Amino acid sequence: MAAVLCNGIGKLCSGTCEILGSVVTLPCKACGVVCEGVSKALRSPFCLYLTVTLGLNIPPVIFAVEAFTINDDGCSLALNWLIVNAVLCVVNIAAAVYISGKIAYVPANETNNDAAPPPTTPDIEAAAVDGNKSKMEPKQTINKNTMWPTLFESNNRAKSFSRVRDVLCHDPIVAIYIVIGIGYIVWQTMGIGRMNQAEDCGGGGLEELISEAIMFGFLFISLGAISFSCSVCCLR
């Protein structure tokens with residue numbers, strides 16, 4: 001009876017320790033996942049695109065938070081514009097992470113196919129049999145082997161551009177984001193009118209926040225497209 005009781009208490013203590021260990025190590029595991037994701041992002045060809053997206057979309061979110069400290073019922077339209085603009089900026093960041101991850105991800109079947117050795121040619125096989133051509137064939141073999149990395153790299157680039165086409169043209173989430181992106185451009189244009197309204201109603205600084213948010217918005221529209229194009233060109 002005592003042995004059964006001791007075993008039960010031992011199992012209870014062991015289970016409790018395992019649960020506590022999992023809870024205590026959870027922040028470390030989460031930190032490891034975040035660090036690994038950041039490390040992959042920095043090594044990715046889309047590092048420039050992600051940096052531009054984060055750098056130009058986080059400030060408008062901060063401006064929307066600052067706008068809540070300005071209480072003026074007469075400028076509700078200006079405040080609402082900043083809030084909606086902040087939501088669109090968050091969507092831009094999420095879409096950039098999604099698109100970059102989808103394009104940079106290499107399926108396992110492509111990796112296995114790329115690892116296949118270069119094919120042998122009839123000339124190389126004939127060189128192994130015919131001793132009279134031993135002086136000429138090694139040069140041909142070296143040339144073929146040196147040509148293989150070039151063909152290998154071209155094949156990888158072709159597959160990378162194929163993934164870009166599939167993501168931009170056939171992914172339903174990206175299709176939805178394109179529609180939202182068009183609305184984002186229109187929303188930046190509407191912000192000019194909201195800025196004028198904030199000036200007329202004495203928004204107490206809302207017009208400056210809107211002006212800065214519009215500046216970051218149009219910078220993202222231009223620099224975001226340029227950085228994405230540069231990232232695509234860096235694919236291998």
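Reader: Where does N85 sit?
Author: In this predicted model, N85 lies in helix α3, which covers residues 76-104.

Reader: Is that side chain buried or exposed, then?
Author: N85 is buried, and its relative accessible area comes out at 0%.

Reader: Which side chain does N85 make a polar contact with?
Author: The side chain of N85 is joined to that of Q188 by a polar contact of 2.6 Å.

Reader: And what else is N85 in contact with, leaving aside its neighbours within four places in sequence?
Author: With those neighbours set aside, N85 touches P60, Y184, W187, Q188 and A213, and of these P60 is itself listed among the buried residues of helix α2.

Reader: Let's move to α2, then: how many residues does it have, and what does it reach from its first C-alpha to its last?
Author: Helix α2 runs over residues 47-67, which makes 21 residues, and it reaches 31 Å from first C-alpha to last, close to the 30 Å expected at 1.5 Å a residue.

Reader: Changing topic, how many disulfides are found in the whole structure?
Author: A search of the whole structure turns up 0 disulfides. C230 is in none, and its nearest cysteine sulfur, which belongs to C233, is 6.4 Å away, whereas a disulfide would need the two sulfur atoms within 2.5 Å.

Note on methods
Residues numbered from 1 in each chain as written. Predicted model: local features only at pLDDT ≥ 70, side-chain atom pairs only at ≥ 80, totals over all residues. Heavy atoms only, no water. Helix = DSSP H or I, 4+ residues; strand = E, 2+ residues; numbered from the N terminus. Buried < 20%, exposed > 50% of the residue type's maximum accessible area, 1.4 Å probe, protein only. Polar contact = N/O pair within 3.5 Å; in protein donor to acceptor, adjacent residues only side chain to side chain. Contact = heavy atoms within 4.5 Å. Expected span 1.5 Å × (residues − 1).
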